[in-house]
Amino acid sequence: MEMTAHEIVRSYKEAKDKKKQVGILAQLNLCTPEDIKKILVEGGISWRELPRGKRTQSPPQPPNEEKEPSAPLPHSAIIREALKAYKAQTENAMREEVRNHEETMAKFKNDIAEIDRLLQAEQTEGDTQ
């Protein structure tokens with residue numbers, strides 16, 4: 001925007017031909033007439049006073065920061081799929097790590113059991129001599 005909202009409202013109020021002024025303000029500020037109308041409504045101009053085209057039946061909606069988007073953005077689906085893939089990949093990697101640790105633990109328990117068996121056998125041999 002080249003002009004402040006205050007300047008836009010003042011220029012509109014002072015204009016002789018208000019319908020043309022909306023278009024002029026839009027061109028000066030490199031925006032659409034609907035953007036200018038929103039600024040005018042926010043600046044206190046009643047939407048009923050604004051020039052309307054044949055198709056405009058409702059007032060321009062002022063921006064509402066609390067309003068949630070009505071439809072998801074196109075990239076939301078891509079992001080959602082990427083997150084699902086990352087989650088699946090991470091879960092699979094974690095399962096593989098757990099499986100590897102369980103195999104290592106089982107081998108370790110077998111080794112301990114074998115050592116205990118050998119020590120037991122050696123102890124019984126020592127008792128018999």
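Is lysine 37 buried or exposed? At 8% relative accessibility, lysine 37 counts as buried, where buried means under 20% relative accessible area, exposed means over 50%, and partly exposed lies in between (1.4 Å probe, protein chains only). The tour below returns to this residue after an overview.

**Before selecting anything**

This is a predicted model, in which local features need pLDDT of at least 70 and side-chain atom pairs count only at pLDDT 80 or more, while totals for chains, interfaces and linings use all residues. Residues are numbered from 1 along each chain as its sequence is written, and side-chain values use heavy atoms, with hydrogens and water left out.

**Stop 1: the whole chain**

Display the protein as a cartoon. Its secondary structure comprises four helices and zero strands, and the pattern along the sequence reads α-α-α-α. Helices (H or I, at least four residues) and strands (E, at least two) are DSSP runs, numbered from the N terminus. Of the 129 residues, 15% count as buried. The accessible surface comes to about 11,100 Å², and carbon and sulfur atoms account for 54% of that surface; accessible areas come from the Shrake-Rupley method with a 1.4 Å probe, and for residues only the protein chains shown count as cover. Among contacts between residues at least 6 apart in sequence, 39% join residues at least 24 apart, a contact being heavy atoms within 4.5 Å.

**Stop 2: the largest nonpolar core**

Select Ile8, Val9, Tyr12, Val22, Leu25, Ala26, Cys31, Ile36, Ile39, Leu40, Ile45 and Leu50; these twelve residues make up the largest nonpolar core. Helix H1 (5-14), H2 and helix H3 (33-42) are the elements that give two or more residues to this core. A nonpolar core is a set of buried Ala, Val, Leu, Ile, Met, Phe, Trp, Tyr and Cys residues joined through side-chain atoms within 4.5 Å. In soluble globular proteins, nonpolar side chains tend to be buried together.

Next, centre on valine 9. Leaving aside residues up to four places away in sequence, valine 9 touches Ile39, Leu40, Gly43 and Ile45.

**Stop 3: glutamine 21 in helix H2**

Move to glutamine 21, which is found in helix H2 (residues 18-28). Glutamine 21 is buried, with a relative accessible area of 13%. Its contacts, not counting residues up to four places away in sequence, are with Ser11, Tyr12 and Ala15.

**Stop 4: helix H3 and lysine 37**

Select the buried residues of H3, which are Ile36, Lys37, Ile39 and Leu40. Seen down the axis of H3, these buried residues fall within an arc of 160 degrees, so they line one face of the helix; the arc is that of the directions from the helix axis to the C-beta atoms. H1 and H2 are included in what covers the buried residues of H3.

Lysine 37 itself belongs to helix H3. The C-alpha atoms of lysine 37 and glycine 23 are separated by 9.9 Å, and the two residues are 14 apart along the chain. Beyond the helix, select glycine 44, which follows H3 and has a positive phi, near 105 degrees.

**Stop 5: salt bridges**

The structure holds five salt bridges, each defined as a side-chain nitrogen of Lys or Arg within 4 Å of a carboxyl oxygen of Asp or Glu. Three of them can be examined in turn.

- Glutamate 34 is partly exposed, with a relative accessible area of 35%.
- In H1, arginine 10 and glutamate 14 lie four residues apart, about one turn of the helix. The closest N and O atoms of their salt bridge are 3.8 Å apart. Arginine 10 counts as partly exposed at 42% relative accessibility, whereas glutamate 14 is exposed, with a relative accessible area of 59%.
- In helix H4, arginine 117 and glutamate 114 are separated by about one helical turn, because they are three residues apart. The closest N and O atoms of this salt bridge are 2.4 Å apart. Arginine 117 counts as partly exposed at 46% relative accessibility, and glutamate 114 counts as partly exposed at 34%.

**Stop 6: a nonpolar patch on the surface**

Finally, select Met105, Phe108, Ile112, Ile115 and Leu119, which form a nonpolar surface patch with about 480 Å² of accessible area together. Patches are made of residues with over 30% relative accessible area and no salt bridge, like charges being joined within 9 Å and nonpolar side chains (Val, Leu, Ile, Met, Phe, Trp, Tyr) within 5 Å.
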